[in-house]
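Trainee: I have a new model open and would like to learn how to read it. Could we take it feature by feature?

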Amino acid sequence: MGPEEKAATILNATFVRPAKFYLSGFSNMPHEKYYYVFLGLIYIMTVLGNCFLMSVIYLVRTLHTPKFMIVFSLALADVCGSTALIPKVLDTFLFDRNEIVYEACLSYMFFVWFFGSVQSWTLVTMAYDRFIAICFPLRYHSIVTKPAIAVILLFVWIFSLTLLALAVKLLDRLSFCGSLLIQSFFCDHGPVFRLACNDTSVNYTIALLVLSVIMCIPLILIALTYVCIGIALSRIASGVERLKALKTCTSHLILVAIFFLPLLGTNLAALTSYIHANARIINSTLTHTIPALLNPIIYSLKTEEVLNSIRRLFKNIRLRTITPSKKI
């Protein structure tokens, strides 16, 4: 290991805080720069798609409802999460700048996982909205109100911020006296704390907690809401009404599938079999980026309210452009 890889600020005789970490990225993968360009295109489309969806929700008054407050929150988290991850990945590997300052590494880690947590729990909030709409339709407008959803979303953002701030802060107690090469494409929590020389049991516990809070608990809660929704739908006598109610859930079910299934697949594969480092990086980057790209497309194409609002919005813009202004 070269001297620069061991560059560190020694705080005392037993505690070593590194000046920098180094990100491994792909290992001898041909034409890897094309993949980073592909990620750049995904990022541009993600930002444009989600900003467009947020603009439609903001501009069309009929979409100022609790349901679309949740959609807006998800789109905002998608934009912020992609912005936290992809530009830095491109800067690191497309331009061969794989070193990252210690403090910047922790900030990088915090924002990537913070917005991931917000995305996960926003999907839970969507499931709650569908649960109330189908299981308690007569009480929906009295339960799912704008203030109630605002409080839930605010709690999701504050809770995620607190949990991830704690997880990142606990890394400050670790001493890094060996290798500073992070085996990942970004400053991921697990690969970072495993580099430490001292006891990492607390960090391992908090890693399990974060994984449970972001992936396991939300998925269990969503599954339980759909069990209740299934029971409620089975009591509807009319098949047409049952199908109509189920259609209101399709967009959410697709979002849940594209967010959680790749995460589960990647982590289960890593636990049960060997995955080449390059394949793991490709899986992980696509898992972190593709859901944010597809969310606005799904909500634009699968949700009738959004489609009608987009048509009306463009019709109004076209009429304003074509109709000559009247002279007084």
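Trainee: In which helix does T289 lie?

Mentor: T289 lies in helix α10, residues 277–302. Helices (H or I, at least four residues) and strands (E, at least two) are DSSP runs, numbered from the N terminus. Some ground rules come next. This is a predicted model, in which local features need pLDDT of at least 70 and side-chain atom pairs count only at pLDDT 80 or more, while totals for chains, interfaces and linings use all residues. Residues are numbered from 1 along each chain as its sequence is written, and side-chain values use heavy atoms, with hydrogens and water left out.

Trainee: Is T289 buried or exposed?

Mentor: Start with the cut-offs. Buried means under 20% relative accessible area, exposed over 50%, and partly exposed in between (1.4 Å probe, protein chains only). T289 has 1% relative accessibility, so T289 counts as buried.

Trainee: Which residues does T289 touch?

Mentor: Contact means heavy atoms within 4.5 Å. Leaving out residues up to four places away in sequence, T289 touches L39, I42, T46, L85 and I86.

Trainee: Which backbone oxygen lies 2.7 Å from a polar atom of the T289 side chain?

Mentor: The backbone oxygen of T285. An α-helix has 3.6 residues a turn, so residues three or four places apart point the same way.

Trainee: How many helices and strands does the protein have?

Mentor: Eleven helices and five strands. The C-alpha atoms fill a box of roughly 75 × 55 × 35 Å, taken along the principal axes. Of the 328 residues, 44% are buried. Take contacts between residues at least 6 apart in sequence: 78% of these join residues at least 24 apart.

Trainee: In what order do the three strands of the open sheet come?

Mentor: Two strands pair if DSSP finds at least two bridges between them. The order here is β4-β3-β5, with mixed pairing. β4 (99–101) and β5 (181–182) are the edge strands, each pairing on one side only.

Trainee: How many bridges join β3 to β4?

Mentor: Three, and these two strands run antiparallel. β3 covers residues 20–23. K20 stands opposite V101 in β4. Y22 has E99 as its bridge partner there. On the β5 side, two bridges join β3 to β5, and the strands run parallel. L23 stands opposite I182 in β5.

Trainee: Which strands does α3 lie across?

Mentor: For angles, axes are lines fitted to C-alpha atoms, for helices over the stretch in contact, and angles run from 0 to 180 degrees between N-to-C directions. α3 lies across β3, β4 and β5, and runs at about 90° to β4.

Trainee: What span should α3 have?

Mentor: The expected span of a helix is 1.5 Å times one less than its number of residues. α3 holds 34 residues, 102–135, so it should span 50 Å; its end C-alpha atoms are 50 Å apart, which agrees.

Trainee: Which residues does L106 touch?

Mentor: L106 lies in α3. L106 counts as buried because its relative accessibility is 9%. Beyond residues up to four places away in sequence, L106 touches V168, L171 and D172. A165 is 59 residues from L106 along the chain, and their C-alpha atoms are separated by 9.7 Å.

Trainee: Where does D96 lie?

Mentor: In the loop between α2 (66–94) and β4. D96 has a positive phi of about 55°, although it is not a glycine. At 61% relative accessibility, D96 counts as exposed.

Trainee: Where does UniProt place the feature "transmembrane region"?

Mentor: The unreviewed UniProt entry places it at residues 34–60, 67–86, 106–128, 149–171, 204–233 and 253–275. UniProt positions are given in the numbering used here, feature names are shortened, and annotations may be inferred rather than shown by experiment. Now check the model. Over residues 67–86 the chain is 100% helix and 0% strand, with end C-alpha atoms 29 Å apart. Residues 204–233 are also 100% helix and 0% strand, and the end C-alpha atoms there are 42 Å apart.

How values were computed: A polar contact is a pair of N or O atoms within 3.5 Å; within protein, one must be able to donate a hydrogen and the other to accept it, and residues adjacent in sequence count only if both atoms are side-chain atoms.
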